[in-house]
Amino acid sequence: MLPLLGAFALSAADAPKSAFDKPTLEAYVRHLYLLNPALTVTVNDPKPGPLAGFKEVKIRISQGPQFQDLTLFVSTDGKKIVQGNFYDVATNPFKPELDKLKTQFQPALGTAGAPVVLVGFSDFQCPHCKIEAQMLRENLVKNYPKDVRLYFKDFPIESLHPWAKAAAMAGRCVFQQQPDAFWDYHDFVFSKQDAITPETLKDTILTWAKEQKSIDAVKLGACIDNKATQAEVEKEIEEGHSLEITGTPTLFINGRRISQSIDWPNLKAIIDSEIEYQKTAKNAGDDCGCEVKLDIPGMPAAPPVAPPVKKK
């Protein structure tokens, strides 16, 4: 005789719950954070994580173009969820961020090989970015001519700032043509932030370019019209998303995230602390050991050379 399944089988409600079941995890997160029903919750597939016995699950909570990412660690049996930070004392606590920050071929100020690296994600139309940019330009190199290197990364927030992405693309056109002129462009656009509109942006930039001896304004105009640097800026935006950046300015100091505006005295205190720490730690700074070469098919391999000396 067949068993009476209806009498003894577990109902769906009684079945063991698993955080690897996306609807279950979504419902749990909505209840945990008391999320408004109007918010969209997207649960991504689990992937191997850095914590033994747990998998990493990324969740995006969004409403229109605005979003916030949440990282959870789910035990391999699906029963436990951990949220928070954990560290390996043998490595830099900001190594996950350092691994994602790409500074090669980016606008930079300061001494190459400096023990402290600042990477700033900025938006040319953001008022807080303007204030921070002026603070950095006025103080950084003057106070730290050898110990600090600053890299500029574009993170235009299109939903709030209609001409920010176009300004970022034009800035990359300037950088491709004459890297040193980028910082003049950077200062100029921020200085004209209140006057620029989407309709006047290009003419404003070209008027500036015609006054620069190192810039070919005709070539710059063609680069702008052809959107030649759009893919480059979008790659910067994706890098920002991978770092879970949700606003500007966002500054990283040897990987340490500063996700709000900071004044010079507080920034200087962090830099001084990092300079001192790196004297013994030597686990951050502007020493990536990168090789700059073009991978051209058919070209003979370069003769072997002694590897560069890297900091430990």
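A pocket here is an open set of points on a 1 Å grid over the protein atoms alone, with protein on both sides within 12 Å along at least five of seven lines, whereas a cavity is a set where a 1.4 Å probe fits but cannot get out; lining residues have an atom within 4 Å of a point. Grid points are joined across faces, edges and corners, and a volume is the space filled by probe spheres set on the points. The model is predicted, with local features needing pLDDT of at least 70 and side-chain atom pairs pLDDT 80 or more, while totals for chains, interfaces and linings use all residues. Residues are numbered from 1 along each chain as its sequence is written, and side-chain values use heavy atoms, leaving out hydrogens and water.

On to the open space. The largest pocket comes out at about 1,200 Å³. Its lining runs to 36 residues, and Asn85, Pro96, Glu97, Glu244 and Arg257 sit nearest the centre. That lining splits into eleven nonpolar, 14 polar and eleven charged residues (Ala, Val, Leu, Ile, Met, Phe, Trp, Tyr, Cys and Pro count as nonpolar, Asp, Glu, Lys and Arg as charged, and the others, Gly among them, as polar).

The largest cavity holds about 130 Å³, and 14 residues line it, with Ser122, Ala133, Leu136, Phe152 and His186 closest to its centre. Nine of the residues lining the largest cavity are nonpolar, three polar and two charged. Helix α4 (127-143) gives the largest share of this lining, five residues; helices are DSSP runs of H or I, at least four residues, numbered from the N terminus.

Conventions:
Helix = DSSP H or I, 4+ residues; strand = E, 2+ residues; numbered from the N terminus.
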